[in-house]
Amino acid sequence: MSESKAEVSLKAKELLALNPEEESEFKKKVQEAKKSKRSKGVHLTPGVIYVGHLPSGLFEPQLKSYFEQFGKILKLRLSRSKKTGGSKGYAYIQFDCDEVAKIVAETMNNYLMGERLIKCHVVPPEKVHTKLFAGSQREFKKPSLPAVTRYNKQRTMEQIAKMTQKLVRKESKLRKRLAAHGIDYDFPGYAAQVPQKKKSDAMNSSTCSDVRPIRTSRAPTNDDFHYLILLIMVSVKRLVWSIT
């Protein structure tokens, strides 16, 4: 039986519970840091922290509700798997004040949460990528077309023809790179598997432009495409073995 949302949120709250003494001390430090900045007339500069080794079951809503008690959160990004949508166990959080971010990192580092020691440190401004929080404001949705489904889906004849042409072009570039490095290695590859037009068909099409040429070779199918992929993988492995 799958757990309900209420049970999951209750467990998350239990994991994210701070001791009352630690919470009061922490709030005092945050208030002092903000007052010192404002008294000096310095504008608050945002600070980013890295939070790792997160327990399972904690996602954006739980993390935001927990860290908001320390200070104002501008942005939050939880790293997720593109295939499954599950959490990878680490996140990045941007606070409105860099001093608050430092206090959070010092307090939360090696903090026991759900039988795990949280790892937390401040990310220097020069190491914060410009696209670190890109798309973090949008609600996460699981991929509708995973890699396995995308690979095994039924393709039309036009799609198979385009993919075959693309594979042949890549293979020709690979042969040129091998020749440029002085590697004499011959393999059948994709080009040998693509059905070629007969000369008689080419002559008929050139002499009789009004008459549609008769197609004698069958069109490639999904099985042919999968076979081509296996063939090029074997060829590449042989190439690697010959070089090593």
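Let me begin at the centre of this model: of the 25 residues in the largest nonpolar core, the ones that touch the most other members are Ile-49, Phe-67, Phe-95 and Met-108. By a nonpolar core I mean a set of buried Ala, Val, Leu, Ile, Met, Phe, Trp, Tyr and Cys residues joined through side-chain atoms within 4.5 Å. Two or more residues of this core come from each of S1, helix H3 (60–67), strand S2 (73–80), strand S3 (87–95), helix H4 (98–108) and strand S5 (117–123), and H4 gives the largest share, five residues.

Residues are numbered from 1 along each chain as its sequence is written, and side-chain values use heavy atoms, with hydrogens and water left out.

How confident is the predictor in the protein? The mean pLDDT, where pLDDT is the predictor's confidence in each residue from 0 to 100, is 75 for the protein, and 63% of the residues reach 70 or more. Confidence is highest in strand S1 (residues 47–52), at a mean of 96, and lowest in helix H1 (residues 5–15), at 44. Over residues 1–16 the pLDDT stays under 50, and the model has 14 contacts beyond four places in sequence for them, a contact being heavy atoms within 4.5 Å. Where pLDDT is low, the predicted coordinates should not be read in detail.

Now the overall layout. The protein has nine helices and five strands, and these are DSSP runs numbered from the N terminus, with helices being H or I of at least four residues and strands being E of at least two. Along the sequence, their pattern reads α-α-β-α-β-β-α-β-β-α-α-α-α-α. Of the 244 residues in the protein, 28% are buried, where buried means under 20% relative accessible area, exposed means over 50%, and partly exposed lies in between, with a 1.4 Å probe and protein chains only. If we take the contacts with a separation of 6 or more, 68% of them are accounted for by residues 24 or more positions apart.

Which residues does Phe-95 contact, leaving aside its neighbours within four places in sequence? They are Pro-46, Gly-47, Ile-49, Phe-67, Gly-71, Lys-72, Ile-73, Leu-74, Val-100, Ala-101 and Val-104. Asp-96 lies in the loop between S3 and H4, and Asp-96 counts as buried because its relative accessibility is 14%. The C-alpha atoms of Asp-96 and Gly-47 are separated by 6.5 Å, although the two residues are 49 residues apart along the chain.

In H4, the buried residues are Asp-98, Val-100, Ala-101, Ile-103, Val-104, Ala-105 and Met-108. H4 is followed by Asn-110, which has a positive phi near 60°, and Asn-110 sits in the loop between H4 and strand S4 (111–112). Asn-110 counts as partly exposed because its relative accessibility is 41%.

The loop between S1 and H3 holds His-53, which has a positive phi of about 60° although it is not a glycine. Is His-53 buried or exposed, or partly exposed? At 42% relative accessibility, His-53 counts as partly exposed. Ser-56 is found in this loop between S1 and H3 as well, and Ser-56 counts as exposed because its relative accessibility is 66%.

In H6, Ile-160, Thr-164, Leu-167, Glu-171, Leu-174 and Leu-178 are buried. An α-helix has 3.6 residues a turn, so residues three or four places apart point the same way. His-181 lies in the loop between helix H6 (157–180) and helix H7 (189–193), and His-181 counts as exposed because its relative accessibility is 64%. Just after H6, Gly-182 takes a positive phi of about 75°.

Methods
This is a predicted model: local features need pLDDT of at least 70, side-chain atom pairs count only at pLDDT 80 or more; totals for chains, interfaces and linings use all residues.
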